[in-house]
Amino acid sequence: MEKISQKSTSIDLAEIIKVFQQVYKLNQLWTGPAYVFPDKINKSSYSQIVQITHKNKDVLKSQFPYTFEDFEYKQPCFVILEDNNIASICCSARKSAQADEASLFTKEAYRGKGYGVAVTNAWAREVQRQGRIPLYSTSWDNLASQSVAARLNLYLYGTDFHIS
């Protein structure tokens, strides 16, 4: 990395990959836009939004077992329930000392109803209420997720870059 940082102040993705390949076996490369929420987030009007707490976390067990098992780390967590099914869920995917990044999933049968926007909005309001910064990222090819970011009026602040 020192080789790359000494070249210039701009980042050449191809050069970064080339340097990493000299040392590591690269299996996957993922990039995408990274967003931050506005300072003031309006309350959602969806009445089906439910905050998942210790009292009701069992609703996650059958449909989202990974979220259930890692419940403490995934907080805050919000869902929209329809017909006793979780139609859409947003929880924390990653956390730092100051920020949480959203993890959003809407089941295919419930897409196009605004559920993803609603649960992500509720999640972000709670993250802000806790004094933390809500973040959202996606991949460049996930246009539906980028549409959620646009509908939430998020600000693009950078690009996520993952190599494994």
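Analyst: Buried denotes under 20% relative accessible area, exposed over 50%, and partly exposed the range in between (1.4 Å probe, protein chains only). The model is predicted, so local features need pLDDT of at least 70 and side-chain atom pairs count only at pLDDT 80 or more, while totals for chains, interfaces and linings use all residues. Residues are numbered from 1 along each chain as its sequence is written, and side-chain values use heavy atoms, with hydrogens and water left out.

User: Which residues of helix 7 are buried, and which exposed residues does the face turned away from them carry?

Analyst: Helices (H or I, at least four residues) and strands (E, at least two) are DSSP runs, numbered from the N terminus. In helix 7 (residues 143–151), the buried residues are Ser145, Gln146, Val148 and Ala149. Viewed down the axis, they fall within an arc of 150° (taken from the directions from the helix axis to the C-beta atoms), so they line one face of the helix. The face turned away carries the exposed Leu143, Ala144, Ala150 and Arg151.

User: What covers the buried residues of helix 7?

Analyst: The cover, judged by contact (heavy atoms within 4.5 Å), includes strand 1 (29–36), strand 5, helix 6 (115–129) and strand 6. Just after helix 7, Asn153 adopts a positive phi of about 60°.

User: How should I read the sheet?

Analyst: Strands of a sheet pair through backbone hydrogen bonds, either parallel or antiparallel. Two strands count as paired if DSSP finds at least two bridges between them. Here an open sheet of seven strands has the order 2-3-4-5-6-1-7, with mixed pairing. Strand 2 (49–51) and strand 7 (155–163) stand at the edges with a single partner strand each, so one side of each lacks a neighbour in the sheet. Strand 5 (residues 99–106) and strand 6 (residues 133–137) run parallel, joined by three bridges, and Asp100 stands opposite Pro134 in strand 6.
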